[in-house]
Amino acid sequence: MANSSDIKAVDNVRLGVATIVGTVLALSLGDALIKALGGGGGMGIWQLFFVRSLLAFPVLLVGALLIFGAERLTPRSIPWIAVRSILLALMWIAYYLSLPLLPLAVAAAAYYTLPLFIVAFAAVFAGEAVGRMQWAGVVLGFLGILLVLRPGGDAFQWAALLPILAAVLYAAAMILTRTKCLNEHPASLALGLNAIFIVFGATGLAVGALLELDTVGFLTTSWVVMSPDEWRNIAILAALILVASIGTAVAYQSAPASTVGTFDFAYVGFALIWGAVFFDERPDAVAVAGIALIVVAGVLAVRRPKTVS
């Protein structure tokens with residue numbers, strides 16, 4: 001007999017898929033904005049984390065309390081929420097550091113090794129059944145990534161390893177969402193994530209000030225006075241991180257990680273669109289072929305294996 005969590009996952013697959021597609025739309029738009037800012041428009045990642053979540057956290061907290069009430073938001077396991085949030089914060093650090101260094105489509109393709117890790121992690125750590133077609137999707141997706149990145153060739157950039165590291169961290173966080181945080185309220189997970197962003201941002205700024213670190217670019221620990229345009233951009237990013245943080249939790253609580261993870265591939269398509277519209281980036285024929293393989297891999301990997309009752 002299936003347990004309640006199995007029933008929940010099966011009954012809400014459509015919700016999980018629809019939610020993750022909307023979530024990656026918001027994420028990709030926010031990442032395109034960060035790339036357009038050239039690494040925060042002069043501000044570092046620590047200030048970006050701190051200000052963005054300082055705007056988002058109270059809005060999320062008040063809204064969640066009014067809609068759901070304090071009792072439903074009470075965490076069941078603060079340590080697991082903290083571990084999940086730290087993994088995601090580290091993921092965003094690695095990915096954001098890559099954006100000023102890579103074309104958006106290349107960063108997205110490298111990052112979207114993550115469904116491959118999710119399928120593998122789901123089988124090993126979450127005990128989910130992964131069939132031959134899903135494993136075939138993993139292999140095909142890996143070949144697609146090789147075409148996009150072309151390691152060993154002139155087109156390869158070491159910075160592309162940053163989004164791959166981000167993919168590993170994200171996959172681990174999503175498996176944790178499915179296995180240890182399944183019964184946490186999505187708003188509680190979103191609050192935990194934004195709280196960690198504030199802590200990381202404040203810590204980075206404080207350490208930089210105390211040690212008088214002379215860092216530049218996106219790793220700068222200096223506080224930059226923000227213009228009205230920069231406040232507007234941060235407000236947009238705060239709204240997008242609210243959508244993304246809630247949507248990610250809902251999606252991975254609603255359906256098996258190996259299923260939802262494959263639809264994360266939609267991010268690659270959105271990244272291609274934003275790259276063309278905002279940065280006039282046009283992937284070459286080999287990269288397009290690799291991205292096509294990644295899409296086909298997603299279609300294969302989403303096919304769940306048949307089970308015998």
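# Contacts and pairs in a helical chain

Leaving aside neighbours within four places in sequence, F279 is in contact with A32, K35, A36, L104 and W274. The model discussed here is predicted.

Me: In which helix is the place of F279, and is F279 buried, partly exposed or exposed?
Reply: The place of F279 is in helix α13. Buried means under 20% relative accessible area and exposed means over 50%. F279 has a relative accessible area of 23%, so this residue is partly exposed.

Me: What distance separates the C-alpha atoms of F279 and A36?
Reply: A36 is among the residues in contact with F279. Along the chain, F279 and A36 are 243 residues apart. Their C-alpha atoms are separated by 8.0 Å.

Me: How many helices and how many strands does the chain have?
Reply: Read along the sequence, the pattern is α-α-α-α-α-α-α-α-α-α-α-α-α-α. The secondary structure therefore comes to the following count under the helix and strand definition. The chain has 14 helices and zero strands.

Me: What percentage of contacts between residues at least 6 apart in sequence join residues at least 24 apart?
Reply: The chain has 309 residues, and buried residues make up 50% of them. For contacts between residues at least 6 apart in sequence, the share that joins residues at least 24 apart is 90%.

Me: Which residue forms a salt bridge with E281?
Reply: The structure holds two salt bridges. In the one with E281, the closest N and O atoms are 3.9 Å apart, and the cut-off is 4 Å. The partner of E281 is K35.

Me: How many residues apart are E281 and K35?
Reply: E281 lies in the loop between α13 (266-279) and α14 (285-301). K35 lies in helix α2 (residues 13-36). The pair links distant parts of the chain, and the separation is 246 residues.

Me: Are E281 and K35 buried or exposed?
Reply: The limit for buried is under 20% relative accessible area. E281 has 17%, and K35 has 15%. E281 is therefore buried, and K35 is likewise buried.

Me: In which helix do D229 and R232 both lie?
Reply: The side chains of D229 and R232 meet in a salt bridge, at 3.7 Å from N to O. The two residues are three residues apart, about one turn of the helix. Both lie in helix α11 (residues 228-254).

Me: Which side chain of opposite charge is nearest to R52?
Reply: R52 is found in helix α3 (residues 45-68). R52 is buried yet has no salt bridge. The nearest side chain of opposite charge is 6.3 Å away, and it belongs to D31.

Me: Which residues form one aromatic cluster with Y96?
Reply: Y96 is among the residues with the most contacts inside the largest nonpolar core, which has 79 residues. W92 is also listed among those residues. The cluster with Y96 is made up of F49, W92 and F197.

Me: What is the angle between the planes of Y95 and Y267?
Reply: A search of the whole structure finds 10 aromatic pairs. Y95 and Y267 form one that is edge-to-face, 6.2 Å centre to centre. Planes over 60 degrees apart count as edge-to-face. The angle for Y95 and Y267 is 75 degrees.

Me: Which helices hold Y95 and Y267?
Reply: Y95 counts as buried at 1% relative accessibility, and Y267 counts as buried at 1%. The pair links distant parts of the chain, 172 residues apart. Y95 is in helix α5 (residues 78-98), and Y267 is in helix α13.

Me: Which residues does A109 touch, not counting residues up to four places away in sequence?
Reply: A109 is found in helix α6 (residues 104-111). A109 is buried, with a relative accessible area of 0%. The residues touched by A109 are I145, V148 and I294.

Definitions and conventions:
Residues are numbered from 1 along each chain as its sequence is written. This is a predicted model: local features need pLDDT of at least 70, side-chain atom pairs count only at pLDDT 80 or more; totals for chains, interfaces and linings use all residues. Side-chain values use heavy atoms; hydrogens and water are left out. Helices (H or I, at least four residues) and strands (E, at least two) are DSSP runs, numbered from the N terminus. Buried means under 20% relative accessible area, exposed over 50%, partly exposed in between (1.4 Å probe, protein chains only). Contact means heavy atoms within 4.5 Å. A nonpolar core is a set of buried Ala, Val, Leu, Ile, Met, Phe, Trp, Tyr and Cys residues joined through side-chain atoms within 4.5 Å. Lys and Arg count as positive and Asp and Glu as negative; His and the chain ends are not counted. Rings of Phe, Tyr and Trp (its six-membered ring) pair if their centres lie within 6.5 Å; planes under 30 degrees apart count as stacked, over 60 as edge-to-face and the rest as tilted.
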